[in-house]
Amino acid sequence: MTFKPVIQEINSSDYNEDSGLYQFVVTLTNQAKCRLFFSKDPEWKITAVNRLLNIPCPVCRKDYYCNCMSKYAAEFEQQMLETNRLP
Ligand SMILES: [Zn+2]
């Protein structure tokens with residue numbers, strides 16, 4: 001089965017003035033949580049995806065850090081843009 005992340009909820013956001021990075025914690029439909037890092041210069045662009053460790057990775061099933069979600073950065077970026085939730 002091919003994994004496709006679907007953002008269900010955007011839980012919180014933070015902005016770091018020094019780095020110019022915006023952070024969003026999102027919950028996917030499979031309940032996995034990820035922290036998304038965005039820059040705005042001037043277009044929104046995703047710079048990193050970190051999976052939070054609330055459930056095992058939906059792709060590799062590890063319950064510790066892995067890089068699987070980074071492969072879906074473009075998907076996350078597109079979905080965040082479509083929600084119109086970016087400040
Ligand atoms: Zn993984």
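Mentor: A nonpolar core is a set of buried residues of kinds such as Val, Leu and Cys, joined through C-beta atoms within 7 Å, and we shall look for one here while remembering that this is a predicted model.

Trainee: Which residues touch the most other members of the largest nonpolar core?

Mentor: The general idea is that in soluble globular proteins nonpolar side chains tend to be buried together. In this structure the largest nonpolar core has 14 residues, of which Val26, Cys34, Leu36 and Val49 touch the most other members. Two or more residues come from each of S2, S3, S4 and helix H1 (73-83), and the largest share, four residues, is given by S2. Leaving aside residues up to four places away in sequence, Val26 touches Ile7, Glu9, Ile10, Asn11, Lys33, Cys34 and Leu36.

Trainee: How many bridges join strand S3 to strand S4?

Mentor: Strand S3 (residues 33-40) and strand S4 (residues 44-51) run antiparallel and are joined by seven bridges, with a hairpin of three residues leading from S3 to S4. Within this pair, Leu36 stands opposite Val49 in S4.

Trainee: Is Ala32 buried or exposed?

Mentor: One counts the C-beta atoms around a residue, and Ala32 is buried because 21 other C-beta atoms lie within 10 Å, where 20 or more are needed. Ala32 is found in the loop between strand S2 (21-28) and S3, and, residues up to four places away in sequence not being counted, Ala32 touches Arg51, Ile55 and Pro58.

Trainee: How far apart in space are Ala32 and Trp44?

Mentor: Ala32 and Trp44 are twelve residues apart in sequence, and their C-alpha atoms are 23 Å apart in space.

Definitions and conventions. Residues numbered from 1 in each chain as written. Predicted model: local features only at pLDDT ≥ 70, side-chain atom pairs only at ≥ 80, totals over all residues. Pairing = 2+ DSSP bridges. Buried ≥ 20, exposed ≤ 12 C-beta atoms within 10 Å, placed from the backbone. Contact = placed C-beta atoms within 7 Å.
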